[in-house]
Amino acid sequence: MDLQFFDQERIVAASSTGCVTVFLHHPNNQTLSVSQQWTAAHYHTGPGSPSCGSAPCTGVVCSNPEIVTVGEDGRINLFRADHKEAVRTIDNADSSTLHAVTFLRTPEILTVNSIGQLKIWDFRKQGNEPSQILSLTGDRVPLHCVDRHPNQQHVVATGGQDGMLSIWDVRQGTMPVSLLKAHEAEMWEVHFHPSNPDHLFTCSEDGSLWHWDASTDVPEKSSLFNQGGRNSTFLSHSISNQAGVHQSLISSWLSTDPAKDRIEITSLLPSRTLSVNSLDVLGPCLVCGTDSEAIYVTRQLFS
Amino acid sequence: MEELDGEPTVTLIPGVNSKKKQMCFDWGPGEMLVCETSFNKKEESETKPGCPFIYIIRKDIDVYSQILRKLFNESHGIFVGLQRIEEELTGKSRKAQLVRVSKNYRSVIRACMEEMHQVAIAAKDPAIGRQFSSQVSILSAMELIWNLCEILFIEVAPAGALLLHLLDWVRLHVCEVDSLLADVLGSENPSKHDSFWKLVTILVLQGRLDEARQMLSKEADASPSSAGMCRILGDLMRTMPVLSPGNTQTLTELELKWQHWHEECERHLQDSTFASSPHLESLCKIMLGDEAALLEQKELLNNWYHFLVTRLLYSHPTVKPIDLHLYAQSSLDLFLGGESSPEPLDNILLAAFEFDIHQVIKECSIALSNWWFVAHLTDLLDHCKLLQSHNLYFGSNMREFLLLEYASGLFAHHSLWQLGVDYFDYCPELGRVSLELHIERIPLSTEQKALKVLRICEQRQMTEQVRSICKILAMNAVRNNRLGSALSWSIRAKDAAFATLVSDRFLKDYCERGSFSDLDLIDNLGPAMMLSDRLTFLGKYREFHRFYGEKRLTDAASLLLSLMTSQIAPRSFWVILLIDALPLLEEKEVVFSAEQTYELMRCLEDFASRRPVWREPGVQRIQEDVENTKLEMLRLALARNLGRAIIKEGSLEGS
């Protein structure tokens, strides 16, 4: 259900059988072999569940040498490569399903769950309580994906079941900085571009993949893509002000003055497809996969 | 019931001795369950245990083929695109658009064929290689039939153009010619190549006269003795009148010219111009459309439809579509020559030449193992307005029936079901009902899959299905002790009853353990609290605990009172609420006012009077005693509090 590169050669895969596997890629003959596996990383224990009831592992994130996984059983596992057992397990970290996880700083992770909460966990602390909980008041919309800004470790983007994109500043209170109405259905993945963090990519159940461009250096913005997609500009809603933050450190995602900053949004897929489930972006390349069993690749993202 | 069109195939179930035991079966959406029963066919009682397994029999195994998956996915995209542009298709461009759609389908089939061919060649196990090769030939036959249907039904080519299309059709399906051509041309001395004359004959049979002329000129260069004859034959080839696409000459003009040319060829033959070269003579005969000469080339022609098209090319180039079937039937008979009987493919093609669409579809349905081909072809032909809507026995028309069958087959697959949804959407009569039945039965292994299913149901306003699926998921979550998930599912389904169940679980946990589990959930219920009374109670009760923890005692007190008086507290919880009042009553400060104390007393007496009398002795008696003690303490505390409250309110500082 989730994949991530661990290092140059290894890939970690999270499966719906509750198993976490590390694959080793052999470039000479283009094969994959299993290098390590934790078979019962996620499982259900309850009065009615069978003794071997497995739970899907919904999210995985790596930061060499650590691997953190979360699952539908509300459990957080911290693995280290080449260690047979989990280094740390937080049981019942959440009473609902944990959908995604990301690293904030190395000992801290952030998880999102299906009651619309972001929880920050610090592995240095003992105990099973999160160090901070953030959520929206109002409707508890489940959150499905989360990604951290590559350079600013306090800026986090989440996508929810109603297709809403939220940008959060974890240092500031418990409310999101901005809520942007985006897709018409669940947003499955959100990614900041690792080297151009002014660019954000989201994909959704409604079959579209959007590129959000918040870069403010060009006065008149020309659209970056002409792949036949829709091109529209959105004004972002700001629901908390940013007084007291240094201008130089402000990320273009956090400064949400509607008059000044407009985010340009482009749809990348040429026609409506079935749900786009996953995407990844690196440099000028973007890859996404859809429910019609098709993988779309573009190698000229910023041409 | 209609009579059977063919003998049903017998499938043996391994492990079951069908001579001795009987089997029972049950139909599923795409599969059948079979197992052995303990009934014996003969009267002898057999105590030996039979086969302990239950078998799932699946007819459609194509759904699980790796390569055919691409066919299903791509054709789904084309299908949906066709339905969507249906409204915009008008006038002249309509035919062109429909032809384009048809070509899209065909290119998908060809791509699949290509890939399967590669796999067949690369297969290490010869049995698997053979299996793939037979699949390739099935796909090739499908493409052949589709192409012919495109020419006859969708393109609806008139006389003249019809032959050109048919020529293209034949050329597309005989691919050895190009490789042979490359072979011969690549050799040092083309005209001395073994297959030279074979190649020239094939080129002439396929109507590729320019290339044939080129080859003849090479022969002329190589052997000067036959140069003259080659030149004459080449001229004949060059001057053959052909209807070119952009040409504006009428059919009668073409006929006339062709007649002249035919007579010229005839004359050459009569004059024995080519007598010294048997090859050239037979070529000339072929170009005259001589049946005997054509039949001599049976091996090169390879099949009767090639024979048909060549024959038409050289004897009736302006054939009209309605006359096709006569020539088709006679070609088939001549070609087979009574040695072999027509195969299913031949019958299908014949039916197509006769413009009998229903027969084509019927035969294809029988011959093919999967509904894919007939479903998509019928849908396309329906868009061409070619199918009269004659109702089948089951109330829907043929197109809908085939689409429903195809889509139901897809639903048997663990991930291709998503394609099936769109097919059901475009079946106006029974689509929605079928979708409702199928979608509830998809196994939901992960929450993500469940969310997709729910999204599909919600988009189509299938509220019943949403509720039932959410209930299943919530029940699973409760069983797995994931109360937060259970609650979020019941909120999504707006299922008050289930929310009540979940809250009861929380309250039960509290009673047993004395503390709340999953505080993060209860503390942050938000507006979802209003979904059910029990849930509201839970939220408010937790709030009461928070107030107490924060020492906001008056708030806690009034909240507690309102909880008791508002009747949302479950009866089983009253005693706990009353006991919770104790510490507040014992506080140094007077927390409850006199009014509130009266209320509390009323509640207490209410509760005490309505307490069920336990009839069983033993443990219950002890519990009853404990409870009685607690209630006594409560009465005492209330009385004391009442006293203090009255004094406080009566005195000057209190007022």
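This is a predicted model: local features need pLDDT of at least 70, side-chain atom pairs count only at pLDDT 80 or more; totals for chains, interfaces and linings use all residues.
## Helices H8 and H9 of chain B

Two packed helices are described by the angle between their axes and the distance between the axes. In chain B, helix H8 covers residues 227–239 and helix H9 covers residues 251–270. Their axes come within 10 Å and cross at roughly 165°. Because angles over 145 degrees count as roughly antiparallel, H8(B) is roughly antiparallel to H9(B). The crossing of H8(B) past H9(B) is left-handed.

On the H8(B) side, the contact is made by Ile232(B), Leu236(B) and Thr239(B). These meet Trp261(B), Glu264(B), Cys265(B) and His268(B) of H9(B). By class, the residues of this contact between H8(B) and H9(B) are 4 nonpolar, 2 polar and 1 charged.

## Helices H13 and H14 of chain B

Helix H13 of chain B runs over residues 304–315, and helix H14 of chain B over residues 324–336. The two axes come within 9 Å and cross at roughly 125°. H13(B) and H14(B) are therefore oblique to each other. H13(B) passes H14(B) in a crossing that is right-handed.

H13(B) contributes Trp304(B), Phe307(B), Leu308(B), Arg311(B) and Leu312(B) to the contact. Among the residues they meet in H14(B) are Leu324(B), Tyr327(B), Ser330(B) and Phe335(B). The contact of H13(B) with H14(B) holds 10 nonpolar, 2 polar and 1 charged residues.

## A sheet in chain A

Strands of a sheet pair through backbone hydrogen bonds, either parallel or antiparallel. Chain A has an open sheet of 4 strands in the order S9-S10-S11-S12, and the pairing is antiparallel. Strand S9 (98–103) and strand S12 (132–135) of chain A stand at the edges. Each has a single partner strand, so one side of each is left without a neighbour in the sheet. From one strand to the next, the twist averages 20°.

S9(A) pairs with strand S10 (residues 108–113) of chain A over 5 bridges, in the antiparallel sense. Opposite Leu110(A) in S10(A) stands Thr102(A).

## Leu164 of chain B

Leu164(B) lies in helix H4 of chain B, which spans residues 161–173.

Leaving aside residues up to four places away in sequence, Leu164(B) touches Val242(B) and Leu243(B). Leu233(B) is 69 residues from Leu164(B) along the chain, and the C-alpha atoms of these two are separated by 22 Å.

Definitions and conventions. Residues are numbered from 1 along each chain as its sequence is written. Chains are lettered from A and ligands numbered from 1 in the order in which they are written. Side-chain values use heavy atoms; hydrogens and water are left out. Axes are lines fitted to C-alpha atoms, for helices over the stretch in contact, and angles run from 0 to 180 degrees between N-to-C directions. Helices (H or I, at least four residues) and strands (E, at least two) are DSSP runs, numbered from the N terminus. Angles under 35 degrees count as roughly parallel, over 145 as roughly antiparallel, 65 to 115 as roughly perpendicular and the rest as oblique. A crossing is left-handed if the near helix is turned anticlockwise from the far one by less than a right angle, and right-handed if clockwise. Contact means heavy atoms within 4.5 Å. Ala, Val, Leu, Ile, Met, Phe, Trp, Tyr, Cys and Pro count as nonpolar, Asp, Glu, Lys and Arg as charged, and the others, Gly among them, as polar. Two strands pair if DSSP finds at least two bridges between them.
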